[in-house]
Amino acid sequence: MAAAAPPPPPTPAPSAPTGLPDSDSTPVGHPLFARIRLATPLDIPHIHKLIHQMAIFEKLTHLFTATESSLASTLFKSPPFLSFTIFLLEVSSHPFEKDSNFHSQNFTPIERIFNLDHSLIDPEAETFKNGINGDVVVAGFVLFFPNFSTFLGKPGFYVEDLFVRECYRRKGLGKLLLSAVASQAVKMGYGRVEWVVLDWNVNAIKFYEEMGANVLPEWRICRLTGPALETYRDAI
């Protein structure tokens, strides 16, 4: 009588979902290595250039008055996630070198590999080179800060700006940035993440809806700024 075949090996348990977009762990074809890390004061020149490019894209350069000095005097004054926080998106054609300067008790950098069908040409690579490691360049950022929902009775994050440079769009990098903010909100027990989108930016609206966001057309933005705000200096 023939011996019975050995039982099949147990099926590995599926890993817990991270909320972050999946990417291949092995580089093939034309790999693009991406990293999200906490920005530092040394990144202000790149952040300023990114904000200016965003103002051009949104056709709002007439409102752009920020300078590197004004950013330096306001950002990075509080621990991450307790006030204005910036995740910086960096990309490289090679694996990132391990850098302990980017690791902290607040946040561990997120690294992903995106396998592209074609090589990517960055016409501004020299302008956005981070000057630290090899061919690493800055590709985008997201700035967010805490707010509070009285209905939920919980804090949340408000995303002020999310921007990916043009040559890196439609690669999944914007999703990676926004997912990093949402993942941090969940880890901190926050109730929601909110942001606004221009009504003419149909691509962004579709992108956010595909990520599961609710676009709320019944709400309107109210804003006091400039002279209208200054009239309240001595109002009380």
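In which sense do β5 and β6 pair, and over how many bridges? The two strands run parallel, with two bridges between them; pairing here takes at least two DSSP bridges between two strands. In β6, E194 is the bridge partner of Y158. To get from β5 to β6 the chain passes through α3, and this β-α-β crossover is right-handed (with the strands pointing away from the viewer, the path from the first strand over the helix to the second runs clockwise).

A word on the ground rules: this is a predicted model, with local features needing pLDDT of at least 70 and side-chain atom pairs counting only at pLDDT 80 or more, while totals for chains, interfaces and linings use all residues. Residues are numbered from 1 along each chain as its sequence is written, and side-chain values use heavy atoms, leaving out hydrogens and water.

Zooming out, the protein chain has five helices and six strands, taken as DSSP runs numbered from the N terminus (helices are H or I of at least four residues, strands E of at least two). Read from the N terminus, the elements go β-α-α-β-β-β-β-α-β-α-α. The six strands make an open sheet with mixed pairing, in the order β3-β1-β2-β4-β5-β6. Its edges are β3 (110-116) and β6 (193-194), each of which pairs on one side only.

Elsewhere in the sheet, β1 (residues 30-38) and β2 (residues 85-92) run antiparallel and are joined by six bridges, with R37 opposite L88 in β2. Four residues sit between the strands of the β4-β5 hairpin, where G153 takes a positive phi near 70 degrees.

S149 belongs to β4 (residues 137-149). Neighbours within four places in sequence aside, S149 contacts K154 and R192, contact meaning heavy atoms within 4.5 Å.

Helix α3 (residues 173-187) lies across β1, β2, β3, β4, β5 (154-164) and β6, at about 165 degrees to β5. Axes are lines fitted to C-alpha atoms, for helices over the stretch in contact, and angles run from 0 to 180 degrees between N-to-C directions.

For the whole chain, 33% of the 236 residues are buried. Of the contacts between residues at least 6 apart in sequence, 76% join residues at least 24 apart.

Definitions and conventions. Buried means under 20% relative accessible area, exposed over 50%, partly exposed in between (1.4 Å probe, protein chains only).
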